[in-house]
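Hi,

Here is the structure I promised to pass on to you. Have a look at it first, and then read on for what turned up in it.

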Amino acid sequence: MSTPAKGYAAHSAETPLEPWNFERRAPRADDVSIEILYCGVCHSDLHFARDDWGMASYPVVPGHEIVGRVTAVGDAVTNYKAGDIVGVGCMVDSCRQCSSCNSGLEQYCAEGFTMTYGSPDRHDNTLTQGGYSDSVVVSERFVVRMPEGIDLKSAAPLLCAGITTYSPLRHFGVKKGHKVGIIGMGGLGHMGVKLASALGAEVTLFTRSESKVAEAKKQGADHVVVSTDESQMAAVTETFDFMLDTVPVQHDINPYLNALKPDGTHILVGLLEPIEPPVSGAGLVFRRRVLAGSLIGGMPETQEVLDFCAEHGITCDVEMINIDQINEAWDRMAKGDVRYRFVIDMASIREGNSAA
């Protein structure tokens, strides 16, 4: 049987989030039922709900940085039991049969992965609904275990911001001795600084704002370059092995390509639009540089980043809010007024902010 749930939903691209009662699908044999404790607030939530990417369906409950407690498991579940503390990230299903899925790279599923919210369920075609709610039902394959000792509130964004930056650093082999530039100092950027540093790299943050220099060093950056200062950019020409570009809006990447050594790699994780201004082919060809992209990680790597962060004491810097503050939080997030992730205490939806 389906179960009643309470959440906050967008009913159109123009209206604020508001309380909404809805039904979670009936659990299947391989499903884990989860009481949501915390949910991070990602900029993608805002983009999706405002239909900035032209793919929204309504009503939609956003949220894909979910930490919760298992309340029940299906008969076929082997890895979890009631009471376990678990996480759910950006995807809740995939075809499970293609070469990517068979390699633990479900994010690159040949059929496209099923998003945690706003995607048709592969079995019953109902619309998936996310973590701005009191509960969720997810196949155990797409659930990860929260390591003992990790701070649950600040670990929630690791399920998106953490894995989005960790996956390319691991895939491209960042290690001790490498020089890594992190472009942008938002939710993704500050995690990139922490993770690259923990992997042993010498880390430089690139920011447009002089005001972020001290903060970047506090986060673990060895150096900071103010990218609007031409002399500072000239001083780092052909310096870096890797650039991790977390900026989600249009920006000129050519100056950053010039900061790469020959054979250096520039990795896009934030920008999903056509690149403007165009990339100079000469900047790639004459130095055999690589322009690459990376999505989130697959399920094995998502578990890996949680374990890595627990081992190294890495968490996301968060500001806690109640669910009825979500529209204000979105307004602030759109203005860049958060250091660096809002996280919703979902107890607030059970303590009086009930859906209408």
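The lining of the second largest pocket has ten charged, seven polar and six nonpolar residues. For these classes, Ala, Val, Leu, Ile, Met, Phe, Trp, Tyr, Cys and Pro count as nonpolar, Asp, Glu, Lys and Arg as charged, and the others, Gly among them, as polar. A pocket here is an open set of points on a 1 Å grid over the protein atoms alone, with protein on both sides within 12 Å along at least five of seven lines; a cavity is a set of points where a 1.4 Å probe fits but cannot get out; lining residues have an atom within 4 Å of a point.

Before you go further: this is a predicted model, where local features need pLDDT of at least 70 and side-chain atom pairs count only at pLDDT 80 or more, while totals for chains, interfaces and linings use all residues. Residues are numbered from 1 along each chain as its sequence is written, and side-chain values use heavy atoms, with hydrogens and water left out.

Back to that pocket. Its volume is about 360 Å³, where a volume is the space filled by probe spheres set on the points, and points are joined across faces, edges and corners. Of the 23 lining residues, Arg25, Asp121, Thr126, Leu127 and Thr128 lie nearest the centre. Which strand gives the largest share of the lining? That is β8, with four residues; β2 (18–24), β6 (91–93) and β8 (135–139) each supply at least two. Strands (E, at least two residues) and helices (H or I, at least four) are DSSP runs, numbered from the N terminus.

There is also one cavity of 30 Å³ or more, and the largest cavity has a volume of about 40 Å³. Among the residues that line it are Gly89, Cys90, Leu159 and Ile296. Its lining has six nonpolar residues, three polar and no charged.

Next, strand β3 (residues 31–41). Ten of its eleven residues are buried, so β3 is largely enclosed by the rest of the structure. Buried means under 20% relative accessible area, exposed over 50%, and partly exposed in between (1.4 Å probe, protein chains only). Two strands pair if DSSP finds at least two bridges between them. β3 runs antiparallel to β8, with five bridges, and Glu35 has Ser135 as its bridge partner there.

Elsewhere, six strands form an open parallel sheet, in the order β12-β11-β10-β13-β14-β15. At its edges are β12 (223–226) and β15 (290–293), each pairing on one side only.

Most residues other than glycine have a negative phi, and most peptide bonds are trans. Asn125, in the loop between β7 (114–115) and β8, has a positive phi near 70 degrees, and this residue is exposed at 59% relative accessible area. Glu238 also has a positive phi, near 55 degrees, but counts as partly exposed at 32%. A cis peptide bond joins Glu276 and Pro277, with omega about -5 degrees, and the bond from Arg339 to Tyr340 is cis too.

Cheers
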